[in-house]
Structures are given as structure tokens and as C-alpha cells.
Amino acid sequence: MTNLNFHLELYKKMCLIRKAEEAIIKNYPSDEMKTPMHMSMGEEAIVVGVCQSLGPKSQTFGTYRSHALYLATSQDTDGFFAEMYGKKTGVVKGKGGSMHLSYPEKGLMATSAVVASTIPAAVGSAYANKYLKNGKIVGIFFGDGAVDEGVFWESLNIACLMKLPIIFICEDNGYAVHTETVKRHGYKSIVDIIKNFDCQVFSSESTDVEKIYKISAKAVNFVKKEKKPVFLYFKYYRYLEHVGVNWDFDKGYRSETEFKKWFKKDPLKLQKKRLLRLGLSKTQIEKVESAIANKIEECIQKAKKTPFPKNTEVYRDVFYEG
Amino acid sequence: MKASKTIKQASYRDAINSAIAAEMRRDPSVFIYGIDVADHKRIYGTTVGLLEEFGEKRCFSTPLSEEALAGFGLGAAINGLRPINVHIRVDFLLLAMNQIVNMISSFHYGSGGKFNVPLVIRAIIGKGWGQSYQHSKSLHSFFAHIPGLKVIMPTTPRDAKGLMISAIRDNNPVIFLEHRFLYDVVDDVGGDNDPIEIGKSKKLTTGSDLTIVATSWMNVEAKEAADILKRKHGVKVEVIDPRTIYPFDDQLVIDSVKKTKHLIIADYDWLNCGFSAEVATRVYEQCYGLLKSPITRIGFAHTPCPCTRALEDVFYANAQTIIREVEKKLGLKTADLSSESFYTYENKFKGPF
């Protein structure tokens, strides 16, 4: 891969996520995608940057806000949209929807609706990988709201105590649902507290995917070399409402000014600027963008035409039979 | 301390220990962990020898983090390991309920069948010597209510051994509930390490006059009652132990009730919305019109469990409760039980634990 290809690759991955969500916004009002959408818009750089450094042999876990994680790891827009439409070819056969995506073939193990609930499973996976000596590293993504949950601290403690190959990725968007950090935290800094655990901490407020990639590459190296967990702390801004596809700056708990400040350094904008700087033309980039948009449109049309699961499917897979 | 090798006569505790040890020898993906699993007491002796034989990678004590440790088991299980997570009291499992009910039970289903969860959660039911209301729950009805969980509650040492082997080999999450009082029961466990199929009820006594379906410790009380009823009244009681609460094999119960026409359910739980209601409903559905008396249910008083022995005796049903209900049901006169010696835990169990 030449250098330019690498920069373009990161842009393509972010663009896939952004365009997929733009398509959701466009199609959601027709009420055919009946699943609660927690949109990733704004967090693309973190997910793409971290996943790029983790590499294909890793395992990842996410939250209910995991469109970005699903698409960054799997690139599977077909299964993704079929799941959004509740169709039989959906990634989990229409059993999960937007909040429960997984793609084990590419290491995405689970995403989950209950805040912080995948964190201990990620720690257990890291234990299994250490037990099996397979060299895999686990990346667990969660929001700053998850840090309010007891199980986060239980899990972090266990991972540090057992020196597990895991990277905790805290994506702090400043709000847990609609409540801002200062109304939830009886302490000044998550990072300062976690520095007291037996792990390495890296933090950044950058929305530059390449900066995030470099930081997480350091994290991966640390885990491999020191055999201890890493805690990554990144800030970003959630562009849309907590759940749903709309803006909510008129609701009074946050301001559009705040959004505008972050949107100036929108991860896609930053990477696009870099590509232009590196010599790619505007037309070349637009070609890439429209190819992605077209692919997504095809997936949506395909998903719409695909049948729903048969009635008997409701009883399947409660237990593994065999 | 050495883990039990193959044994013929064994206590319930040693039966569990030997089953786990045998499976850990057979399959390197099995490991056991939980609060104080590897301490000097070794979960009442059920994890004796495992640390020494298999090392701390496969047998370890943990921080007091029940929820995280349940999720930890899930994470290990979906990667092909076979974790056994142990809890010294079922009551502590309530701290892990989010993981058990929201994650573990639905993981296979929610992943469209992509992942299996071969996880065993062992938990001990306490009773007596002042256990009070946070050391005495059984919660089997609660767990059996949730789709995606298997719930096992063995009574005999043989069943504890065979069902533990099956639970470990099962590719689904299994809640394995062990009554503390049963630990000292010694019986024939068979010389082999054969699994016992999950989801099969078992007849503990054969009789034609009345059926008793009992769970866990209540089977000991029911058998004692059956013995006395035979001597005092010539009544032949058929005691059936479901052994697994989910899946529940109701056929043996239905067949028995069709024969005896009378049913008592002695559940080791509260009655309200419990397993006893499930059993009763299934029998009513399939034996409608055949019953000679309404189904009788026996269980805990609908209160939190009290500490003092005086009140605890009222809280729990026992063999005498069963005998009196049978007499009422069959229109028998009240037998004099003053010369009978009933089970009392003080003979085995001095505390503090």
C-alpha cells in the first residue's frame, strides 16, 4: 500500500460510515427501518483510527452507537441495511437491529444496548485470548456514560489485575443521553483517576483520524510489549440527538454553537483536506464519495426487496442445539 | 488437597468436585473461577485440588465483582473456553443479573446463532443457622423464566455428578443450583464419569396413591414423608425430582398423576408466580378431569427468610408439612409423629457457615 492509498483508505472508511448514516437519515422517515438508531455521526475518526491500528486479527466490542464500528470492521453494507430493515439476510437475521450488531469473521464480537454491558465480556475475551495464546488484542469501545456504571470499574480492575491484552476506548462526547458530564461526575478527570490503575493511559481531543491512528498504534505496541491494558480517552461531539436521526439543538440541553465549533474540525473534512494537500484532486475525491453513495443506495434497494424472516425463525437460536 | 478421582460412594460435595476435576482433565478449555474459589475453604470443598492439579490459570479466586465476572465468563465462552463461575450463595447472583438476563441468556439468539455460550454458573442455596434473607434464596423459578438459560437443581450425589458433567459439556449457559444441606448426603454415584441428560425428570420412589413433585432439598423431606406415610398409613407415594427446572420434563409427572390422581408440589421456593405454579398448570392442562383432588402446593412462607430458628421453622416447609397435607388430601386421620426423628441440621451443621 503506497502512502497515498493509506490516507485514502482511512477516508473511504469514514466516508462509508457517513454516507450510510446519511442514507438512514434520508430513508428513516418512511418508517421501514423500525429500529432505534443511535447515530455515529461525529465519532468516525475514533472508530476508524483505532480499528486501523488494531488490525484485522483483533477483536472489538461496542455499544448501541456502533454503526461506525460495524462498518469500519466489516465493510458489510449489505448485511447492515438488511438488519436495519429487519430482513432475513440481516447480520443477525433480524434478531438484533441497530443496537446488536456483530461480525465475528472480522472480530466484531458484540454491541449492546445496556450501557457498559459489553465491557466485562470484552475483558473475558481478552482473558480467553491470553489463555489460548493467540496474540489477539481486544478493543472495547464505550462512551463516557459507561464510566458512570459500576461494571466499568469492576472490569477495568480485573483487566489491570490480570494484565490482559485489551484496549479500553472511552469516546467522550460530553453527554450521557442528555446529561452533561459536570452533572454526572463527582470528580474532575476520568483520565487522572485511571492513571492510578496498572495500565497505560493516552488521551486526545483530536478529530484527525491519523492522529488517533498513531495514538492507538502506540497503545497496541504497549499492550504487546508490556502485556498490560491501555486506556484510550478521546473526545468527540455527537452531531445528532441521542436516539433518532434529527438535530436537537432546540431542546435546550446543548447549543448549536457547541456543534459548530466541533464541526469545523469534522473528521471527514480534515481528512479530505489532507488528501487535497497530498495531491488528490477534488474530482478524484468526489468520485470515491459517489461510488460509496451508489453502493449504499444499491444495498438499501436490495434490503427493501429482501423478504422478512419466516415466522418459524422466532423460535430458532434460543439454544444451540447440538 | 487433592481433587477426587473416580469414586463409587460419595458425598454430594465430592461428586461435584470429581465431576469438575474429570472434565478439567478431559478438556483443557474448562476453567473455574469466582470469589474465593481457590482459598483454603475451596467452596465447601467442591473446588479442592483443582488449583494444585490445574494451576492458577484454570482455577482462580477473583475480586468481588459479580457482574463483571459473569460478563467475563460470557467473553471467555464466546471464544471457545468453558468457564465455570462459582457463587457461594445464589443471592449474590442478583448482582450479576444484568449480565445473565440481558447478555448471557440472549447472546446466542441475538447473534443470529453465530456465537455459543458454554458457561456454567454454580450457585449455592443456604439454609439454617441464621442464614436469614440474603443467604437463603433459590431463585430457580426466576432463572427458568428467562429464555436462553438452562436451570439445573440436582438432589442426589449421582445426579449432581452426572448433571455437572452435562452442564460443562453443554454449549449453552447453565445455572447450576446446589443446596448447602445436600453437601453431606452420601450415596452411590456410579464408578464412571457418564453425563446425565439435562431435561429428564426422575422418580425417587414409586407409588400408586399420590404423586409428589419436589425440588432440591424438598426431595429429602418428601422421601422422608413418603417413608413415614407408608408405615403409618400404608400410603404409597411417588416422589418425582424434575432435576432440571428448565427444560422441564413434565411427561413423567403427567404419567404419574394419571396413575395416582393426586398431586402435591413441594417446591424449594416461594409459591407466588413460581415453578410450582408452572408444574400445576401443566398438570391441569393435561390431566383435566382426572384429578381426584385439587393440586396442593407447598413452599416458603411468602415473606423474606427470617434469621431466628423459631421463625425459620415456620418459614420452611418440611416432611411434617407434607405428611399433614397428604393426610388432609386423602382424608386420613392425623398420625402421631412424636416418636419420629426428623432431619435437623444441627446434627450435621454447626456453623458459622
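## A walk from the core to the sheet

Start in the middle: the largest nonpolar core has 191 residues, and A:Val123, A:Ile166 and A:Leu232 are the ones that touch the most other members. Bear in mind as you click around that this is a predicted model. Next, select helix α1 of chain A, residues 3-27; this helix gives the core its largest share, nine residues. Chain B is part of the story too: domain 1 (9-188) and domain 2 (202-332) of that chain each supply at least three residues to this core.

Now zoom in on A:Val123. Which residues does A:Val123 touch, leaving aside those up to four places away in sequence? In chain A, pick A:Ser155, A:Ile158, A:Ala159, A:Leu164 and A:Ile166.

Colour six strands of chain A in the order β2-β1-β3-β4-β8-β7, and you have an open sheet with parallel pairing. Look at the two ends: β2 (108-112) and β7 (200-204) of chain A are the edge strands, and each has a single partner, so one side of each has no neighbour in the sheet. On average, neighbouring strands here are turned by 15° against each other, ignoring direction.

Strand β8 of chain A (residues 230-235) runs parallel to β7(A), and five bridges join the two. To see one of the pairings, select A:Ser204 and find its bridge partner in β8(A), A:Phe234.

What packs on this sheet? Select helix α2 of chain A, residues 44-54: α2 packs there and touches β1 (59-63), β3 (138-143), β4 (166-172) and β8 of chain A. The direction of α2 makes about 170° with that of β3(A). Then show helix α5 of chain A, residues 119-132, which also packs on the sheet, touching β1, β2, β3 and β4 of chain A. For α5, too, the angle with the direction of β3(A) is about 170°.

Last stop: hide chain A and look at chain B alone. Along the principal axes, the C-alpha atoms of chain B fill a box of roughly 60 × 45 × 40 Å. Colour chain B by burial, and 55% of its 353 residues come up as buried. Finally, of the contacts in chain B with a separation of 6 or more, 77% are between residues 24 or more positions apart.

Conventions. Residues numbered from 1 in each chain as written. Chains lettered and ligands numbered in written order. Predicted model: local features only at pLDDT ≥ 70, side-chain atom pairs only at ≥ 80, totals over all residues. Pairing = 2+ DSSP bridges. Helix = DSSP H or I, 4+ residues; strand = E, 2+ residues; numbered from the N terminus. Axes fitted to C-alpha atoms, helices over the stretch in contact; angles between N-to-C directions. Contact = placed C-beta atoms within 7 Å. Buried ≥ 20, exposed ≤ 12 C-beta atoms within 10 Å, placed from the backbone. Core = buried A, V, L, I, M, F, W, Y, C linked by C-beta atoms within 7 Å. Domains from an automatic or database assignment.
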